[in-house]
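Student: Hey, could you walk me through this one? I'd like to start with the overall picture and then look at how the pieces pack.

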Amino acid sequence: MVRWLSRFFHYLDRSFIPRRSLPPLNEVALTCFRDLVYLELNGKVRDAVISLIDQERVGEQIDRALLKNVLDIFVEIGMGQMDHYENDFEDAMLKDTAVYYSRKASNWILGYSCLDYMLKVEECLKREKDRVVHYLHSSSEPKLLEACAGLF
């Protein structure tokens with residue numbers, strides 16, 4: 001919506017706003033969205049996204065493109081900073097990942113040989129890297145792999 005508004009009001013953004021020393025339309029739109037929508041819903045959205053990631057971990061199909069678009073909101077709302085993505089989403093996702101793989105690792109240690117256990121671990125690390133490629137921000141990869149590797 002911000003992109004559409006920016007195109008629609010291009011003249012204002014290019015000439016009127018700089019003359020009046022006003023903030024750019026893009027910045028005002030993101031600030032309004034953050035204050036009116038994002039701050040109200042980010043906890044619910046975070047929980048829904050983490051739930052979808054958990055569903056994918058157990059083998060269910062999810063809409064990765066939609067998930068990427070939702071996660072891009074966490075990045076874009078920071079207006080060049082990663083604070084909202086890291087604090088409002090990534091921290092909770094990493095904790096959920098640690099809990100999930102902690103349970104898995106405990107079960108695998110009891111039920112599999114050392115070789116089979118290592119193969120399971122390798123497969124999980126590969127799938128987590130794949131998640132980063134498809135919908136998580138690239139800055140999440142080292143943190144996600146560290147959270148997983150610390151459990152195995």
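**Contacts, shape and packing**

Tutor: In the protein chain, 65% of the contacts with a separation of 6 or more are between residues 24 or more positions apart; contact means heavy atoms within 4.5 Å. This is a predicted model, where local features need pLDDT of at least 70 and side-chain atom pairs count only at pLDDT 80 or more, while totals for chains, interfaces and linings use all residues. Residues are numbered from 1 along each chain as its sequence is written, and side-chain values use heavy atoms, with hydrogens and water left out.

Student: OK, what secondary structure does the protein chain have?

Tutor: There are seven helices and zero strands. Helices (H or I, at least four residues) and strands (E, at least two) are DSSP runs, numbered from the N terminus.

Student: And why is the protein chain called more spread out than a compact globule?

Tutor: Its radius of gyration is 20 Å, well over the 15 Å that the globule rule gives for 152 residues, so the chain is more spread out than a compact globule. The radius is taken over C-alpha atoms, and the rule is 2.2 Å times the number of residues to the power 0.38. Along the principal axes, the C-alpha atoms fill a box of roughly 70 × 25 × 25 Å.

Student: How much of the chain is buried?

Tutor: Buried residues make up 28% of the 152, where buried means under 20% relative accessible area (1.4 Å probe, protein chains only).

Student: Switching topic: at what angle do α3 and α5 pack?

Tutor: About 25°, with the axes of α3 and helix α5 (residues 83-111) 10 Å apart. Axes are lines fitted to C-alpha atoms, for helices over the stretch in contact, and angles run from 0 to 180 degrees between N-to-C directions. That makes α3 roughly parallel to α5, since angles under 35 degrees count that way.

Student: Which residues make the contact?

Tutor: Among them are Y38, N42 and R46 of α3, and F89, M93 and Y100 of α5. The contact residues divide into nine nonpolar, three polar and six charged. Ala, Val, Leu, Ile, Met, Phe, Trp, Tyr, Cys and Pro count as nonpolar, Asp, Glu, Lys and Arg as charged, and the others, Gly among them, as polar.

Student: And how do α3 and α4 cross?

Tutor: The axes of α3 (residues 25-57) and α4 (residues 64-76) come within 9 Å and cross at roughly 140°. The contact includes L30, F33 and V45 of α3 and L67, L71 and F74 of α4.

Notes
Buried means under 20% relative accessible area, exposed over 50%, partly exposed in between (1.4 Å probe, protein chains only). Angles under 35 degrees count as roughly parallel, over 145 as roughly antiparallel, 65 to 115 as roughly perpendicular and the rest as oblique.
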